[in-house]
Amino acid sequence: MSEFVPFPAAPARPLAGRVIVLTGAHGELGQAAALACARAGARLVLLGRKVPKLNRVYDAVKALGPEPALYPIDLAGADPSDYETLADTVERELGGLHGILHTAADFAGLTPLENTPPEQFARQWQVNLTARWFLTQACLPALRRAGDSAVVFVVDAPERVGGAYWGAYGLAQQANQGLMRMLHEETAASSVRVAALQPGPMRGALRARAFVDEAALRVPAAAAYAAACVSLLSPEGRVHRGTVHAPSPASE
Ligand SMILES: NC(=O)c1ccc[n+]([C@@H]2O[C@H](COP(=O)([O-])OP(=O)(O)OC[C@H]3O[C@@H](n4cnc5c(N)ncnc54)[C@H](OP(=O)(O)O)[C@@H]3O)[C@@H](O)[C@H]2O)c1
């Protein structure tokens, strides 16, 4: 008698049919998350300020999943009406909006507060906190209409970046956690799930600005946290609702 050999299970596509707005799409974590979300079936809206780099992510994403949309935008200069236009355009053109993954971040390097040019402080606060909120606020009506949806703020560890020389980047990381908790409380009865993802150190330009002499290969690549991005954006992310999820890096 021949043995029954089951068919291999189809790869899980927990984001199939979902439209996800991704900021920082050509950053280290942004790119890794884009590829993982595309493999998971998401239609991505790739936000970034450098079009040639966005185009490269577009090509890589298109080879793995649904064709993404490009949305060049400078988060330091955009205002609330720009985000309203974005939310309206995404919902109208792509048929809905089911998630936002905030990975964009501006960090210029370790500097004493006293020596930080005011325009640098203001830009970092804008990109790392205010723009995240303005984008989220503009998208909330569409996220509510989508049924199950998720807002994920990627944050850095406050105990690592809350001390001397981390400036507005460090302050904004603490504020992001407060924003996430406040918004979670205000949306807890709705279909919009709010959470934060706190990855460990990841190699790349942002990390290198603070730890210049570090042996980069000892630090995990951003890809080690890509699966956590997918998980938080998908229905299984409900277990982390209202919390800061700090997973261990997945093996590369
Ligand atoms: N790296 C770490 O060790 C680490 C650890 C814990 C948490 N995190 C968090 O993880 C997230 C991703 O970090 P990462 O290492 O992937 O950083 P990254 O490689 O520097 O990526 C950040 C992205 O944000 C974009 N960005 C900056 N300013 C912008 C602006 N004004 N408008 C639009 N986009 C802008 C950057 O674009 P440009 O290339 O044009 O500057 C870049 O694509 C951040 O939220 C960070 O706080 C990082």
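## Briefing: a parallel sheet, its helices and a ligand shell

In β6, Arg193 has Ala150 standing opposite. That pair belongs to a predicted model. The chain's secondary structure comes to 8 helices and 7 strands. The points below go from the whole chain to the sheet, then to one helix and the ligand.

**The whole chain**

- The chain has 252 residues, and 41% of them are buried.
- A compact globule with 252 residues would have a radius of gyration near 18 Å, and the chain agrees because its value is 18 Å.
- Along the principal axes, the C-alpha atoms fill a box of roughly 80 × 45 × 40 Å.
- Take the contacts with a separation of 6 or more: 72% of them come from residues 24 or more positions apart.

**The sheet**

- The 7 strands form an open sheet with parallel pairing.
- Their order is β3-β2-β1-β4-β5-β6-β7.
- The edges are held by β3 (69-72) and β7 (244-245).
- Each of these two has a single partner strand, so one side of each has no neighbour in the sheet.
- In general, strands of a sheet pair through backbone hydrogen bonds, either parallel or antiparallel.

**Strand β6 and its partners**

- β5 and β6 run parallel and are joined by 6 bridges.
- β6 also pairs with β7 in the parallel sense, over 2 bridges.
- Across from Val244 in β7 stands Ala196.
- Is β6 enclosed or open? 6 of its 6 residues are buried, so β6 is largely enclosed by the rest of the structure.
- In a regular strand, side chains alternate between the two faces of the sheet.
- On one side of β6, Val192, Val194 and Ala196 are buried.

**Helix α6**

- Helix α6 spans residues 167-187, which makes 21 residues.
- From first C-alpha to last, α6 reaches 30 Å, close to the 30 Å expected at 1.5 Å a residue.
- Its buried residues include Gly167, Ala168, Tyr169, Asn176, Leu179 and Met180.
- What covers the buried residues of α6? The cover includes α4 (118-145), β5 (149-154), α5 (158-161) and β6 (192-197).

**Around the ligand**

- How many residues surround the ligand? There are 27, and the closest are Gly24, Gly27, Glu28, Leu29 and Ala105.
- Two elements give two or more residues to this shell: α1 (28-39) and α7 (205-210).
- The shell divides into 13 nonpolar, 7 polar and 7 charged residues.

Terms used:
Residues are numbered from 1 along each chain as its sequence is written. This is a predicted model: local features need pLDDT of at least 70, side-chain atom pairs count only at pLDDT 80 or more; totals for chains, interfaces and linings use all residues. Helices (H or I, at least four residues) and strands (E, at least two) are DSSP runs, numbered from the N terminus. The expected span of a helix is 1.5 Å times one less than its number of residues. A residue is buried if 20 or more other C-beta atoms lie within 10 Å of its own, exposed if 12 or fewer, and partly exposed in between; C-beta atoms are placed from the backbone. Two residues are in contact if their C-beta atoms, placed from the backbone, lie within 7 Å. The radius of gyration is taken over C-alpha atoms; the globule rule is 2.2 Å times the number of residues to the power 0.38. A residue is near a molecule or strand if its C-beta atom, placed from the backbone, lies within 6 Å of it. Ala, Val, Leu, Ile, Met, Phe, Trp, Tyr, Cys and Pro count as nonpolar, Asp, Glu, Lys and Arg as charged, and the others, Gly among them, as polar. Two strands pair if DSSP finds at least two bridges between them.
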